[in-house]
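Subject: Structure for your review

Dear colleague,

Please find the structure below, followed by an account of what was found in it. I would be grateful if you read the account with the structure open beside you.

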Amino acid sequence: MDEQLFCKKLNSLCTSKEIFDFLSSLEAMSDTMASGALQRISEVEVDDNGLKNPEGVLENEVFRALCFQFEFESSKLSNTGLLNALQALIKLRIDPQSTLMASLLSEGKERLGKGQLTVKNLCALGESLLELEGPSCATLGEIVNHMQEKDIEKWSPRETVMVYKMLQVTVREGEQYQDLLNRLNSVTLNIVSQLSPKFTSIILNSLVVLHQTQAVPLITALCKHSVKHIPYFTGDELVNVLEAFLYFGHREEIFTEALETHIPKSIFTMHPQTVSKVMQYCCQKMILSKPIFDAAAENFISDADRFTTDQIAGYIIPFGTLNYLPTSASSLFRKLETILHARFSHFQPRTLLKLLHSCVLIQRYPVNFLPKIFSPYFLQQLQAQPPGLDRIVTSQLTQLFLTVTLECPFYEGPKLLPKYQVKAFLMPPSSLDVHLLKRVKTGLLYLLKKRIYFASEVSTPYFYTVDIEIKLDEEGFVLPAAQCEEVHRRVALCVDGQNRFCINSHNLLGEEAIKQRHLQLLGYEVVQIPFFEIESLQNCRKMAEYLHKKIFPHTYGLGC
């Protein structure tokens, strides 16, 4: 039978029985036709759980005859027949230690050594070896060496992807193929528009593993190209794409918009690990996407009982970090409390602390669990889990303790011992917009006439650092910043640059929101100076007028 006609007929058959009956009716077929038949059998008979009908396939006489021929005539097979058969038999879960598989593998490696394999053959062999022997397979390096000699510009997208996969494991083991990678990255840039969702995800994942931070044009093109594939990525593929966005520091507004369209309508069929990664992406990029967060909250309420502890934390922590209460907040935190009662001891200590700390950022107080958190046993567990009681952990413990002291006066459980408390909360350097602070200080100097009347970046006895502090006496007059007597009021100016807000939003981040809340409870008059109110002020006088209205709204003409 003509090979094209054979393939057409083969692809129209939907069960192994139909395929075996068809093969039985043929007088003869080439090895490529026979390997094509094995591939079609693997397509119709293998699903995510393995071989659907092992006996019906493996015990079938036609199948056994094909295997016999491939095993004992491997040296006579064409490259395509040999390697397609090997791939099909791997998919059919044939024992890798069997004489059949050993014969095909041995023949493939021998032809590799003789330099007889084309690019397509090399990729097929590499794929089979990755499947059978894993990343430690020494032959993969040999395949890559052969690939270096080939003309990359003639490779198909499938072959390009396969080489990235092989490089991913060979380079990790210390060999250097950066020249090949540079050529590969350059050629791949020209075929980005042809890449399927699967191939886009694989290449992005490889670029992450291979630390290709210098391949900016390719990374940018792949990230933009991934937008149209969002509805079609599998869960694992979307996770790879999100990890690439995070690793390379990339952000596309249209990517977020595509996620906002896709996630809410698909979330109940998505794996919780995928949703957790979407939440992590939003959290790290400071993207407050209300459609995604509201959908995640609904998903958590209905399905959280089957989540792992890390997935539970992955869903909840971004709400605190980005300072957002979803529409179903009361049900969300009731569900979380139920889970914590049932599975408290299942959480890793650091994960649990971070989870409870994120709750207090949005005024959800885990008072029922704080006695356990402040107990010597839990603190020992925290110390035992690397990296131990570092500054991040002690800051979170201290802020939990300060929150319960200031906001939950009814709490009568154990306190956090002073030895576990930090002297000052750790604020990331990027939190303070130095340029904005300088503009505000210049405006204050214009307003108050002398620099002695305000202090900047002031450490308080309450762990927080105040951006600018102004002291007033009982009559409302400004006192020198160094004066400690007769201070009746303290004004804390919070100079909030863009880094203290969610991206493209006027929504303060959780860490800054709790700081301003606590400063107020500690007796400060908190005056917020957000970037979006002052970025349009053109000169010192206008800044001074603005500050006058914000700080001294009930006085007239002060310093102006």
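Contact here means heavy atoms within 4.5 Å. Helices (H or I, at least four residues) and strands (E, at least two) are DSSP runs, numbered from the N terminus. This is a predicted model, in which local features need pLDDT of at least 70 and side-chain atom pairs count only at pLDDT 80 or more, while totals for chains, interfaces and linings use all residues. Residues are numbered from 1 along each chain as its sequence is written, and side-chain values use heavy atoms, with hydrogens and water left out.

The protein as a whole

The secondary structure comprises 27 helices and 7 strands. The radius of gyration, taken over C-alpha atoms, is 32 Å, whereas a compact globule of 560 residues would have one near 24 Å (the globule rule is 2.2 Å times the number of residues to the power 0.38). Along the principal axes, the C-alpha atoms fill a box of roughly 110 × 50 × 40 Å. Of the 560 residues, 53% are buried; buried means under 20% relative accessible area, exposed over 50%, and partly exposed in between (1.4 Å probe, protein chains only). Among contacts between residues at least 6 apart in sequence, 70% join residues at least 24 apart.

Helix α5

Helix α5 covers residues 61-72, and its 12 residues reach 17 Å from the first C-alpha to the last, close to the 16 Å expected at 1.5 Å a residue (the expected span is 1.5 Å times one less than the number of residues). Its buried residues are F63, L66, C67, F70 and E71. Seen down the axis of α5, these buried residues fall within an arc of 130°, so they line one face of the helix; the arc is that of the directions from the helix axis to the C-beta atoms. An α-helix has 3.6 residues a turn, so residues three or four places apart point the same way. The buried residues of α5 pack against α2 (16-24), α3 (31-45), α4 (54-58), α6 (79-91) and α7 (99-113). On the other side of α5, E61, F68 and F72 are exposed.

Helix α18

Helix α18 (residues 309-321) is mostly covered, with 11 of its 13 residues buried. Among these buried residues are Y315, P318 and F319. Their cover includes α16 (272-284), α17 (290-303), α19 (329-343), α20 (349-361) and α25. Just after α18, N323 takes a positive phi of about 60°.

Two single residues

Is R500 buried or exposed? R500 counts as buried because its relative accessibility is 3%. R500 lies in the loop between β6 (489-496) and α25 (510-521). The side chain of R500 reaches the backbone oxygen of V495 at 3.1 Å, and a polar contact of 3.5 Å joins the side chains of R500 and E512. A polar contact is a pair of N or O atoms within 3.5 Å; within protein, one must be able to donate a hydrogen and the other to accept it, and residues adjacent in sequence count only if both atoms are side-chain atoms.

K438, in helix α24 (residues 434-448), is exposed, with a relative accessible area of 60%. The C-alpha atoms of K438 and R158 are separated by 55 Å, and the two residues are 280 apart along the chain.

Yours sincerely
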